[in-house]
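Q: Let's walk through this model together. I'll ask as I go.

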Amino acid sequence: MSFRGMPRARSFSRPSQRALISRETLNVDGLQVAVLRKNNRNMYLRIKPPYGAVEVTAPARMPEQTIVDFVRDRREWIDDALRKMAAARSRTFASVNVDPSVPSPSIAATETEVSAVRESAEASAAAGFTWNEQYVERARRSIEQQIPALLEKWTPIVGRSPSKITVRAMTSRWGSCTPKTSRIRLNLQLGLMDPKFLEYVLVHELTHLWEHGHGAAFQARMSDALPEWKELRRELNRCTIFEVPQMQR
């Protein structure tokens, strides 16, 4: 699956691949900026997902004030990128099951109050979400429990079945497949999200067993099988992928 998990902020220039000489942190008008000094000629700015860490790559002998001015000149763009990332994080988890300590809305609350509490809870859970072994196991178990019914439903509709499905942590994709071997890979994080996204990604990858690209033939098959697939794609693309740290499983 070629689409990415969130709106990523663009870099002003291509980051340098030269060896790192030093790393420091600057406070620019209340903004924490990581400065990586390398033997390159230009400066580069990057906003790193999912939490919006601001990073500048600068020449080894670049004066600190020049770096500060560089960041200040681009502050409006930085703030806009940070807002987009924060919004993406808050949309990622469609229910409070990510964090069982988040209170559920009161039954007596009005519909508006329920919606407000739910949105607040989701934003709170996503904003501070950190993978741990419990979440990894919960996500994996959730996907494994859903897959049999989904395959029973969708393989007759799509007309293709996978030879194998694996669940793995991904950093930039929700799913992928190898048409030649009919193997499908699903992003572990889907197990903590609204089930409609897991279903959509599975149908997407099953369709790729017919069509390798995303051209007219692929889109026609998706529309026949899942008419609302474009809206689901837009919703999923507005979410973010939280990288899973290395841990024993």
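Q: Starting with Glu24: buried, exposed or in between?
A: Glu24 comes out partly exposed, at 24% relative accessible area. The cut-offs are under 20% for buried and over 50% for exposed, with partly exposed in between, using a 1.4 Å probe and protein chains only.

Q: Before I go on, what kind of model is this?
A: It's a predicted model: local features need pLDDT of at least 70 and side-chain atom pairs count only at pLDDT 80 or more, while totals for chains, interfaces and linings use all residues. Residues are numbered from 1 along each chain as its sequence is written, and side-chain values use heavy atoms, with hydrogens and water left out.

Q: OK, what does Glu24 form with Arg37?
A: A salt bridge, with the closest N and O atoms 2.7 Å apart. That term means a side-chain nitrogen of Lys or Arg within 4 Å of a carboxyl oxygen of Asp or Glu.

Q: Which parts does that pair tie together?
A: Glu24 is in strand 1 (residues 20–28) and Arg37 in strand 2 (residues 31–38), so the pair links parts 13 residues apart in sequence. Helices (H or I, at least four residues) and strands (E, at least two) are DSSP runs, numbered from the N terminus.

Q: And Arg37, buried or exposed?
A: Arg37 is buried, with 9% relative accessible area.

Q: How many salt bridges does the structure hold?
A: Eleven. One of them is between Lys196 and Glu235, at 2.7 Å from N to O. Lys196 sits in helix 5 (residues 195–208) and Glu235 in helix 7 (residues 229–237), so this pair ties together parts 39 residues apart in sequence. Lys196 is partly exposed at 29%, and Glu235 is partly exposed at 23%.

Q: Which residues do shared partners join into one network?
A: Asp80, Arg83 and Lys84 are joined through salt bridges that share partners. Lys84 and Asp80 meet at 3.4 Å, N to O. They both lie in helix 2 (residues 75–92), four residues apart, or about one turn of the helix. Lys84 is partly exposed at 45%, and Asp80 is partly exposed at 30%.

Q: Switching to the strands: how many bridges join strand 1 to strand 2?
A: Eight, and the two strands run antiparallel. Two strands pair if DSSP finds at least two bridges between them. Val28 has Leu31 in strand 2 as its bridge partner, and Arg23 stands opposite Leu36.

Q: What's going on at Asp29 in that hairpin?
A: There are two residues between the strands, and Asp29 takes a positive phi near 55°.

Q: What's the strand order in the sheet?
A: It's an open sheet of four strands, ordered 1-2-4-3 with mixed pairing. Strand 1 and strand 3 (44–48) are the edge strands, each pairing on one side only. The twist averages 25° from one strand to the next.

Q: And what does helix 1 touch on the sheet?
A: Helix 1 (residues 64–73) packs there, touching strand 1, strand 2, strand 3 and strand 4 (53–59), and its direction makes about 60° with that of strand 1. Contact here is heavy atoms within 4.5 Å. Axes are lines fitted to C-alpha atoms, for helices over the stretch in contact, and angles run from 0 to 180 degrees between N-to-C directions.

Q: How about helix 2?
A: Helix 2 also packs on the sheet, touching strand 1, strand 2, strand 3 and strand 4, with its direction at about 20° to that of strand 3.
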